Amino acid sequence: MAFDLKKPTRRQLLIAGGVAGGGLVLGYAVMGSNKQEKVRAALVNGEGEMMLGTWLKISPDNVITVYVPHSEMGQGVHTSLPMMAAEEMNADWSLVRMEQAPAQQVFKNDALATGFLGNEMGFPKVFPGFIEFAGSTAADFMHLQVTGGSSSVRYTGQLGMRVAGAAALDMLRRAAAKSWNVPLSEVVADKNILTHAASGKSATYGEMASAAAEISPPSDPVLKAKADYTIVGQPIPRFDIPSKVNGTAQYGIDARLPGMLYAAIAPCPVFGGDVASFDGSAALNRRGVKKVIQIPGAVAVVADSYWRAKEALSDVKIAYDLKGNEAVSSDTIYAQYDKALAEDNGSADVEKGDAAAALQGAERFFEADYKVPYLAHACMEPMNCTVHIKDGKAEVWVGAQDALGAAAFVAKTAGLSLDDVTLHPLMLGGGFGRRGSTIDFIEQATQIAMQVDAPVKLVWSRENDVQHDCYRPAITSKFQAALDADGNPVAWHNRYIGKNEPADAAHIPYAVENQSIRYVESETHVPFGAWRSVAHSQHTFFTESFIDELAHAAGKDPFVYRRDLLKDQPRHLAVLELAAEKGNWGGPLEKGRARGIAIQQSFQSIVAEVAEISLGDDGRVKVHKVVAAVDCGEVINPDTAVAQVESGIVYGLTAALYGDITIEQGAVVQSNFPDYQMVTLADMPVIETHLIESGAAIGGLGEPATPPIAAAVSNAVFALTGKRIRKLPLMNHDLTTAGKFAQAAD
Amino acid sequence: MAITLKVNGVEQTLDVEPDMPLLWALRDELGMTGTKFGCGIAACGACTVHVDGQAMRSCVTPLAAVEGSDITTIEGLAKALGAEEGLSALQAAWVAEQVPQCGYCQSGMLMAVSSLLKENPKPTDADIDAAITNICRCGTYPRIRAAIHAVTTA
């Protein structure tokens with residue numbers, strides 16, 4: 001793209017310029033408002049240096065193109081972000097196009113960085129690609145196009161798209177006023193047309209774009225009032241869907257290049273182990289096999305088809321060096337956790353009042369230990385990456401949650417400068433954190449490509465994917481609580497393993513005067529990474545199950561108990577009450593059914609879920625219905641919002657019912673879908689989603705529906721059977737006896 | 001050894017191993033990437049195609065088993081379902097209900113569902129649950145069900 005950009009002035013927020021062939025481009029520069037000045041100052045090296053993001057282009061044919069610096073992985077962000085820009089431009093939606101921003105530094109995403117650094121607890125450490133890049137500086141930190149942390153709409157949309165759209169509209173109107181010599185206040189802009197009623201003049205945005213490029217962007221453009229929205233809030237069909245019903249959508253795995261070779265790998269089954277020696281001679285005799293090579297931790301076969309490469313792996317004799325981790329199992333890991341929690345009082349997460357004293361003098365005392373296992377992401381598209389290294393330059397084709405970070409990772413691995421890496425972002429067949437938090441497969445593809453004189457596509461098998469993920473960590477969380485004579489909690493004492501992100505995951509919204517929440521680090525050799533909703537998915541199961549225990553111990557209805565403890569939290573209260581109302585809490589149930597409830601705030605959204613369950617004859621939990629109430633502040637695309645809530649619930653439900661990655665002899669036991677089971681159509685509950693637009697700061701939606709479901713279902717299991725689930729997944733519990741016992745007692 | 005089969009109405013001759021799975025022949029030999037690799041062991045359904053009108057999981061279907069057969073893939077589904085151009089009614093329902101999220105499993109879903117509807121034009125929820133065992137990690141199942149009902153009651 002040939003953009004002719006003017007140098008921004010010191011305090012300019014937006015930067016604009018012309019485009020070859022006429023038109024206007026507009027981006028978002030680093031010099032910004034006072035509020036963010038401190039954050040920004042730390043990120044820019046010198047005078048005149050700028051960071052840009054959130055590009056808009058208006059072409060002479062009146063088409064508005066929005067460059068989205070985020071990956072589309074099904075969350076609809078390639079549509080919702082353009083909607084936000086188009087809204088502020090009073091655009092004709094039929095003239096709006098989307099392009100994913102190329103992985104070039106000019107498109108690094110300042111709005112995202114500002115959001116993370118200025119508004120929250122800092123940038124998630126689970127996105128290491130850019131941090132690890134050699135020569136990393138504060139400015140390099142911003143080489144990012146991360147799609148994660150449910151952040152796209154919250155930060156890029158709010159801080160970038162809206163501002164850029166409003167500025168573009170302002171410039172178009174000013175250009176019209178100037179060229180028609182009429183008062184600015186009389187220029188109306190609607191549906192890509194500028195008009196001046198008194199003189200009868202009119203022009204399309206496209207016709208006025210080149211003149212607008214001569215106007216200085218406003219430093220603080222005025223955003224539209226919600227009451228005036230015509231695009232945001234509408235269920236606009238997603239741009240990416242038509243290509244996903246006829247096979248034309250291009251995912252990373254679909255990259256095809258002339259002369260391309262394919263690689264399959266056999267990694268050391270034990271994490272951290274390496275290849276001691278290998279003999280690839282038999283494999284080399286097979287049809288199509290070009291090379292058998294060693295890379296760190298794995299042997300790769302390179303062939304002229306993926307199937308030939310994968311089949312030939314079985315002919316490679318490999319001796320591994322297991323590095324002493326071959327005796328580790330899930331049992332030894334949980335024992336290690338118990339020991340760590342027994343011996344170490346840990347570091348403070350929340351300390352409020354005097355929990356120890358309150359526990360001592362308590363009327364009633366309760367304790368419980370909770371555990372969750374490791375979980376793999378199991379994206380439908382197995383990990384893959386295509387790399388071609390030639391003449392000191394690398395070209396990369398991949399679906400990644402952080403395209404620029406991935407490019408930086410390739411540059412570092414290949415010893416190239418970032419400028420010599422061209423990355424073509426392709427669609428992601430599932431992300432869920434796997435394609436952002438760790439990009440081991442991109443590193444491997446680069447290492448293989450460095451030894452091959454052709455473009456090479458590395459494709460992991462499903463077995464590679466299940467056994468070499470970066471897992472949601474297995475953790476243990478121990479609770480103690482004291483209740484007063486009325487059954488209200490007066491002390492909340494929680495010790496858990498491993499502080500992860502977000503930092504508030506183990507916090508509770510309830511009014512408990514004395515709280516001591518502390519964590520103990522206890523490392524294992526199992527790699528971990530971000531898994532949809534990150535630490536919330538574990539801690540919400542823990543905290544929302546334990547509060548449910550306390551409610552039952554107090555002899556109170558679990559919904560009423562929560563409601564009474566949330567009376568000073570109006571947003572939580574509204575969400576909880578809506579879920580209870582729509583979920584018919586306390587209402588009649590078919591025989592053999594029960595309901596459970598749970599609530600959690602994450603990524604600035606609050607979600608409560610009511611699950612209705614029964615038990616099959618085989619003791620398996622059947623979830624019939626889930627009613628979700630969601631306060632995400634403001635809804636951009638209601639249809640996509642509902643889809644994300646459904647999606648989050650299904651992802652969390654799979655984990656609650658079936659998700660169990662276990663370790664034996666240092667390696668993952670499970671290998672593919674038959675032993676790492678997924679929810680399918682036959683398991684599906686009816687899902688009802690109710691959105692609340694509270695007007696609070698806009699919250700994320702890609703993740704917040706995942707955390708509550710495990711507790712909601714487990715709490716329903718308790719209501720039905722009297723059996724408290726303190727370790728997931730549910731399929732490992734024998735509920736048959738409990739179920740019969742409960743029915744007999746009925 | 002040359003193996004001949006018809007893919008979306010076009011005869012193709014492949015000089016490859018007879019035990020090469022149809023999936024990899026389609027993707028790597030013929031460059032038809034709409035059919036997806038998900039598990040390699042017929043457990044997820046992402047690779048579903050039609051062989052002589054029947055849904056089959058192509059990742060475990062050796063070419064030798066489909067020699068001389070008529071194969072329909074997602075690229076040929078619209079035409080196979082009688083659409084002159086553009087999308088079939090089934091695919092249009094997928095768009096109308098905004099079914100796909102990441103979309104990776106949807107080729108296989110559409111192939112499996114179109115096969116079900118051929119045998120059972122008005123499936124009940126129980127029929128759908130029993131027949132469509134494909135895995136979707138994004139959880140598009142409620143919309144898949146809604147799209148099936150929309151197209152069968154239209």
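Is α17(A) mostly covered or mostly exposed, and how many of its 20 residues are buried? In this predicted model, α17(A) is mostly covered, with 17 of its 20 residues buried (under 20% relative accessible area, 1.4 Å probe, protein chains only).

Close-up 1. At the N-terminal end, A:N637 caps the helix through a side-chain oxygen that lies 3.1 Å from the backbone nitrogen of A:D639.

**Close-up 2. A salt bridge between the chains.** A:D639 also forms a salt bridge with B:R143, with the closest N and O atoms 3.2 Å apart (a side-chain nitrogen of Lys or Arg within 4 Å of a carboxyl oxygen of Asp or Glu). Across the interface of chain B and chain A there are 7 salt bridges.

**Close-up 3. The contact of chain B with chain A.** The contact (heavy atoms within 4.5 Å) takes 51 residues from chain B and 58 residues from chain A. B:Q101, B:R137 and B:Y141 supply 19% of the area that chain B buries against chain A, more than any other three residues (accessible area, 1.4 Å probe, lost on being put together).

Residues are numbered from 1 along each chain as its sequence is written, and chains are lettered from A and ligands numbered from 1 in the order in which they are written. Local features need pLDDT of at least 70 and side-chain atom pairs 80 or more, whereas totals for chains, interfaces and linings use all residues, and side-chain values use heavy atoms, without hydrogens and water.

Note on methods. Buried area = accessible area lost by both parts, 1.4 Å probe. Buried < 20%, exposed > 50% of the residue type's maximum accessible area, 1.4 Å probe, protein only. Helix = DSSP H or I, 4+ residues; strand = E, 2+ residues; numbered from the N terminus. Polar contact = N/O pair within 3.5 Å; in protein donor to acceptor, adjacent residues only side chain to side chain.
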